[in-house]
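Student: I would like to learn how to read a protein model. Could we go through one together?

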Amino acid sequence: MTLPTVSDPMVDIPLSQPLVDSPDTRGSNLMEAIRLENVGVCYRAPSERIPSIKEYTIRWLQGKIKHREFWALQEVNLSVMKGETLGLIGNNGAGKSTLLKLIARVLRPTIGRVLVRGNVAPLLEYGAGFHPELTGRENIYLNGALLGYSRKQMEEKFERIVDFAELWDFIDAPLRTYSSGMWARLGFAVATDVQPDILIVDEVLSVGDETFQRKSADRMQEFRNRGATVLLVSHNMNLIEEMCQRAAWLDHGRLRAVGKPDEVILAYRRSQA
Amino acid sequence: MDSLPVYDSSRRGMPALEELRELLRYSNLVIQTARRNIVVRYKRSILGIAWTMLNPLGTTLILSFVFSRVFGGASSYAVYVLSGLLCWTFFAQTTSDSMHNLIWGGNLLKRIYVPRTVFAVSAVLTGLINMVFSLVPLMVVMLFARVPIRLTMLILPIPALFLAMFALGVGLILSTIAIYFIDVTEMYTILLTAWFYLSPVIYRKDMLPQDYAWVVHLNPMYYLINLFRAPIYDGRIPVLSEFLVAGAIALSTLVVGWIWFSSRADDFAYRV
């Protein structure tokens, strides 16, 4: 078993080894939920515009198509324990979203290995996949199917979802008549009425009004109490420090530091100055 | 403890089989998507779902008027046209929809895992449901044109299945190309028009000059349409060789499309 390492040796803070550092000592299960081994993701874009299929075919046959390679992630090694809440920080374009996509199985790494143990509640923007012409009820079933649930499972969830979203009065009205807040509430209710082993949270806590934010924060806490692993991406450092046991800092596709949130945030901030 | 599902990106079986397994796991999504397609299309219209039946009926009335009145012909011609038109509409619509669903559903592809074939399969399922609805106006036209409605029509699920397999195969191939060249969606519209006139939908093969008959024989849709039309228009069960040819075309297209599409599917999220 390879221990996760941090690829960039130039970081000036003492780095904690994640496996040792993992604060999850409740109970005996020191099980890995997520492991990334030497992961790299490379986007290839043609370096020049090729005007037509004919042209493309000719060049392809000649082997003359040039691609510009862009490594969104490189040599990432990371291990997340079951029940742990890990914060991901870094500038825009650092590769945070790409990393989440790998874990949500949306992308397969170009090189390296991604291991995920358990169900992942995906990074669907709340309400994405809803259709405005369909009623709330119909959308709940459609969205549930999108998340991989059977009709039967959705029937069982239905009441709880509407309860949580507090939308009983409007459940048979088309979604286009909903306010954006109602839309978000329904989306959040569907997406989180699951028992995910791994929850991916991408800046959600900024959605909705204050009451709703509190409600979603509560629900996240609930997940953590139940032993779910949480990956939290945020630019809100207070939130990261408050919620996470560890933080990881991504910079230009490389993992610069993994460790205690305050230390990692400090290092990150210093680099920004 | 280790009963949790494990995803390991390095463990790759055969993509085609894996895709099939995942699709079965997501069968509810296929059904829900097809349902949405049908419900949404007519949701705000007054006649609603009746349009699925009125649409082909209208086209048939126009075509049969043009051909039987203007060019002169039997009234049974309307049945000939409509039965062919059902096949054609199904094929044209499902193949284009497969492509569009994948490209415009691409937003979803980047956020959440769903088996990529869901888009094409639900397009085909939607088409099949619409086709069943259009059997109603077909039978109305048969009554008026005095073409007997025979029990042979009970065989129709088989030609319909072959058509669906063929359309799914073509849809998957087109989708794969469209991911790399979006222009294909536009080109295909033109291609469809040409293909329509190369298929015996509004004319009969024997109306063609002898010299051109071979062109029709190269057209897979010719065999599939004939197989579908025989139990309706001719009131006969197609012979074994007709089933075999159509079945072989359908199966091989589906297998090629499925394997190719699934082998490229991992790449889609990078491209869309």
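Student: In which helix of chain A does A:Ile240 lie?

Tutor: A:Ile240 lies in helix H8 (residues 237-243) of chain A. Helices (H or I, at least four residues) and strands (E, at least two) are DSSP runs, numbered from the N terminus. Keep in mind that this is a predicted model, where local features need pLDDT of at least 70, side-chain atom pairs count only at pLDDT 80 or more, and totals for chains, interfaces and linings use all residues. Residues are numbered from 1 along each chain as its sequence is written, while chains are lettered from A and ligands numbered from 1 in the order in which they are written.

Student: Is A:Ile240 buried or exposed?

Tutor: A residue is buried if 20 or more other C-beta atoms lie within 10 Å of its own, exposed if 12 or fewer, and partly exposed in between, with C-beta atoms placed from the backbone. A:Ile240 counts as buried because it has 24 C-beta neighbours inside 10 Å. On chain B, B:Arg25 is exposed, with 12 other C-beta atoms within 10 Å. B:Arg25 lies in helix H1 (residues 15-25) of chain B.

Student: Which residues does A:Ile240 touch?

Tutor: Two residues are in contact if their C-beta atoms, placed from the backbone, lie within 7 Å. Leaving out residues up to four places away in sequence, A:Ile240 touches A:Gly87, A:Ile89, A:Leu232, A:Ser234, A:Ala247, A:Pro261 and A:Ile265.

Student: How many residues of helix H4 (residues 136-146) of chain A are buried?

Tutor: This helix is mostly covered, with 10 of its 11 residues buried. Among them are A:Ile140, A:Tyr141 and A:Leu142. The cover over the buried residues of H4(A) includes helix H5 (151-165) and helix H6 (180-192) of chain A, together with H2 of chain B. After H4(A) comes A:Gly148, whose phi is positive, near 95°.

Student: How many residues does each chain bring to the contact?

Tutor: Chain B brings 27 residues and chain A brings 33 residues. On the side of chain B that touches chain A, the elements giving two or more residues are strand S1 (6-8), helix H2 (27-42) and helix H11 (240-271) of chain B. H2(B) gives the most, with six residues. By class, this side of chain B has 15 nonpolar, four polar and eight charged residues. Here Ala, Val, Leu, Ile, Met, Phe, Trp, Tyr, Cys and Pro count as nonpolar, Asp, Glu, Lys and Arg as charged, and the others, Gly among them, as polar.

Student: Which strand of chain A is joined to S1(B)?

Tutor: Two strands pair if DSSP finds at least two bridges between them. Strand S4 (residues 111-117) of chain A is joined to S1(B) by three bridges, and the two run antiparallel. A:Val116 has B:Tyr7 as its bridge partner in S1(B).

Student: What is in the largest nonpolar core?

Tutor: A nonpolar core is a set of buried Ala, Val, Leu, Ile, Met, Phe, Trp, Tyr and Cys residues joined through C-beta atoms within 7 Å. The largest has 140 residues, and A:Ile103, A:Ile200, B:Leu163 and B:Leu224 have the most contacts inside it. Helix H4 (residues 77-104) of chain B gives the most to this core, with 14 residues.

Student: How many helices and strands does chain B have?

Tutor: Chain B has 11 helices and one strand. Buried residues make up 40% of its 272 residues.
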